[in-house]
Structure formats: C-alpha cells, structure tokens
Amino acid sequence: MAKLRCQRAGAVAAVGGVVWVGWAVALSVTGQTEMSTPILAGTALSALGVVAGHYAIEDFYGARMKRPGTIGAWAGGLGGLVFAVGQLVRFLTDGGEAVIGIGVLVLVSGSLLVAAGLVRTRIQPPWLGVLLGAGTIAFLGFGIQPATATVYGLAWAALGQDLYRFDPPDGRFGDAEADYGWLT
C-alpha cells in the first residue's frame, strides 16, 4: 500500500524532531549561541518539521480528536510556522524576538492541546501524548537550560515515526462518531 500524504508528513515530523534534538544538544554542549547560523537554520527547519507533524495529526485524526485536538493541531501548525519565520527574521535582521515569542506561545498552546487530544482519544499510544505534553512544558525552560528542548524534539521524532509506520487495514482511520478513549 502506498504511503498517504499524512504518513509522509509524519516522516517529515520525525526528521524535524531529530533536527530539533540536534540543535538543542548543540546549543547546550558547544559554545554556540542562539544567533549562530547553524542553530538558526536547525531551529527553523525543525520548526517546519513540527508544522508537518501538526498537519499529519490533523489530517489523520482531525475528526476523531474533536475540537481540542483539532484546534491544537491548527494552532500548533500556525505557531510552528510563525516560530520558523521568526528565526528567519532573526537571521536576516538580528531581530524578530517578538515574532519568535508569539510563535512559541501559539506552538506551545497548540502542542498541549494535541497532547491532551492524543491521551484522551487513545488514537495513538497514550505515552506519545504524555511525552508530547511533558516535552512541551519542558521546552518552556529553554531560556534557563537549552537541553530542556530535547524532550520536545524526542516527542516529535517518536510521534512522527509512529504516524509514518501506521497503515490502516482498510485504508481509513476510523469513524468520527465512534466511541473511543476513556472519556466520552
């Protein structure tokens, strides 16, 4: 069976998560700063990978995750895009902190809603939602210790690879009105 567009987006999200871990670790253990070109490039590329992950979540499970998860996927995708644009502005003009801040706020709120939707509906293994939620909260500690951003990247690497490898037996992803998860 050929991979679906949302499955390929999951693969992009997995790569984005690995790149996210890479820049967070590089920033933590090397003498580079947030303004160095490799860090800015890695941050922007990984943010675009996270955008693809939010798209994959919405495309796979939008109807089944109901409003919080679907709104979170859209908000997280938009926040990731604004965050990536902010990194580009930072690269070009040495500014862009306001754009990055807005992007982070929207990305974090969207990711938390997606994490809650994943745990609530159990359409993915619940530990992936827990990891995404914990990683999102840990990402907020980036200003104190850049290594905290690695958990967010690991969550997207795991979630993206799971989205990529999953092949539904009938080519569909379930009924939007079915009873699923422990909360109704």
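This is a predicted model: local features need pLDDT of at least 70, side-chain atom pairs count only at pLDDT 80 or more; totals for chains, interfaces and linings use all residues.
Let me begin with a contact between two helices: in helix 1, the residues Q7, R8, G10, A11, A13, A14, G17, V18, W20, V21, A24 and V25 meet T150, Y152, G153, L154, W156, A157, G160, Q161, L163 and Y164 of helix 5. Sorted by class, the residues of this contact comprise 14 nonpolar, seven polar and one charged.

As to geometry, helix 1 covers residues 5-29 and helix 5 covers residues 150-165. The two pack at an angle of about 160°, and their axes are 7 Å apart. Angles over 145 degrees count as roughly antiparallel, so helix 1 is roughly antiparallel to helix 5. The crossing of helix 1 past helix 5 is left-handed.

I turn now to the other partner of helix 5, namely helix 4. Here the axes come within 7 Å and cross at roughly 150°. Helix 4 and helix 5 are therefore roughly antiparallel to each other, and their crossing is left-handed. On the side of helix 4, the contact is made by W127, L128, L131, L132, A134, G135, T136, A138 and F139. Helix 5 contributes V151, Y152, L154, A155, W156, A158, L159 and D162. The class count for helix 4 with helix 5 is 14 nonpolar, two polar and one charged residues.

Is T136 buried or exposed? Its relative accessible area is 1%; the limit for a buried residue is under 20%, and T136 is therefore buried. Which residues is T136 in contact with, leaving aside its neighbours within four places in sequence? They are V108, S111, L112 and Y152. Of these, Y152 also belongs to the helix 5 side of the contact with helix 4.

Finally, I come to the nonpolar core. The largest one has 38 residues, and W20, I57, L132 and F139 touch the most other members. Which elements give two or more residues to this core? They are helix 1, helix 2 (37-93), helix 3 (97-121), helix 4 (126-139) and helix 5. Helix 2 gives the most, with twelve residues.

How values were computed: Residues are numbered from 1 along each chain as its sequence is written. Side-chain values use heavy atoms; hydrogens and water are left out. Axes are lines fitted to C-alpha atoms, for helices over the stretch in contact, and angles run from 0 to 180 degrees between N-to-C directions. Helices (H or I, at least four residues) and strands (E, at least two) are DSSP runs, numbered from the N terminus. Angles under 35 degrees count as roughly parallel, over 145 as roughly antiparallel, 65 to 115 as roughly perpendicular and the rest as oblique. A crossing is left-handed if the near helix is turned anticlockwise from the far one by less than a right angle, and right-handed if clockwise. Contact means heavy atoms within 4.5 Å. Ala, Val, Leu, Ile, Met, Phe, Trp, Tyr, Cys and Pro count as nonpolar, Asp, Glu, Lys and Arg as charged, and the others, Gly among them, as polar. A nonpolar core is a set of buried Ala, Val, Leu, Ile, Met, Phe, Trp, Tyr and Cys residues joined through side-chain atoms within 4.5 Å. Buried means under 20% relative accessible area, exposed over 50%, partly exposed in between (1.4 Å probe, protein chains only).
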